[in-house]
Amino acid sequence: MASDNDGTADQPRGRVLVVAGSDSGGAAGIQADIKTITALGGYAMTAITAVTAQNTVRVHGVWPMPLEAVFAQFDVTLSDIGADAIKTGLLGATPMIEGLAERFAGPASGIPRVIDPVMIASSGQRLLEEKAVDAIRSMLVPGAALVTPNAPEAEILTGKVVESVDGQRRAAERLLEGGALGALVKGAHVSGDVIVDVLQTHDGEWLFEGSRLVTRADHGTGCTLASACAAHIAHGEAVPDAVERARLFLRGGLEHAEALGAGRGPVNHGWQIQKSLSRPD
């Protein structure tokens with residue numbers, strides 16, 4: 001149920017509260033979240049957990065925000081505007097996760113949440129403390145509408161080897177056993193010409209397939225997909241439908257991306273708007 005203060009809590013309106021870090025390069029993190037949610041007709045709000053100095057080449061520095069500041073952003077936004085979904089990204093430390101878990105059990109209870117367990121940057125740099133992994137596993141996974149790990153993250157969270165679709169299935173099963181309502185184990189890190197994303201809920205399993213694109217403009221794919229899922233869920237869509245439509249949005253963003261920067265360039269979050277503006281009258 002959406003949290004609201006005007007008596008319209010049962011009417012999904014696309015409001016998504018994002019708890020994540022800022023990406024100065026604009027490709028991932030809060031910037032990707034806001035662009036994605038807006039492009040899909042939603043309303044994005046933020047609780048920024050960290051400021052990063054990064055570009056297409058690598059993460060040059062990470063500065064965590066004070067816990068008081070993060071939770072103040074979360075609390076005042078939720079109590080006033082409300083939310084139809086909550087999406088998490090870079091969290092970093094156990095106290096941050098503990099504070100979020102308290103809110104998920106309190107004022108944010110009943111709001112569908114999409115947990116993107118950001119652990120490793122595209123450059124390979126570790127972004128999550130080792131001891132925080134257990135906190136995500138025990139505090140954020142249970143009750144999550146959707147958990148969206150890539151293969152390396154799924155291995156860390158579940159202890160399952162994820163080198164094939166069968167491995168993705170086993171990891172998704174383990175996440176459901178751990179209390180998640182839905183688990184999307186992404187397959188981009190699994191070798192092969194066809195990428196398979198495995199979605200499991202307590203209602204069944206869905207396999208989403210797509211050819212692998214050869215591009216260096218793929219920075220922010222994880223944040224973008226999770227935020228797109230959250231945006232569709234915030235509009236009242238079922239998880240399988242939300243995942244399917246989110247994947248189509250990301251695919252378009254990859255296909256229409258420009259090779260900005262010297263490293264892994266950003267996904268094009270505005271591709272649908274650009275296409276509509278280029279149509280002849």
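Predicted model: local features only at pLDDT ≥ 70, side-chain atom pairs only at ≥ 80, totals over all residues.

1. Residues are numbered from 1 along each chain as its sequence is written, and side-chain values use heavy atoms, with hydrogens and water left out.

2. The largest nonpolar core has 41 residues, and Val 19, Phe 74, Ile 86, Leu 100, Phe 104 and Leu 140 have the most contacts inside it. Such a core is a set of buried Ala, Val, Leu, Ile, Met, Phe, Trp, Tyr and Cys residues joined through side-chain atoms within 4.5 Å, where buried means under 20% relative accessible area with a 1.4 Å probe, protein chains only. A second, separate core of 29 residues includes Ile 37, Val 114, Ala 246 and Phe 249.

3. Phe 249 and Trp 271 form a tilted aromatic pair, at 6.4 Å centre to centre and 40° between the planes (ring centres within 6.5 Å, using the six-membered ring of Trp; under 30 degrees is stacked, over 60 edge-to-face and the rest tilted). Phe 249 is buried at 3% relative accessible area, and Trp 271 is buried at 11%.

4. Thr 77 lies in helix α2, residues 67-80 (a DSSP run of H or I, at least four residues, numbered from the N terminus), and is buried, with a relative accessible area of 14%. Beyond residues up to four places away in sequence, Thr 77 touches Leu 17, Met 45 and Gly 82, a contact being heavy atoms within 4.5 Å.

Note on methods
Helix = DSSP H or I, 4+ residues; strand = E, 2+ residues; numbered from the N terminus. Buried < 20%, exposed > 50% of the residue type's maximum accessible area, 1.4 Å probe, protein only.
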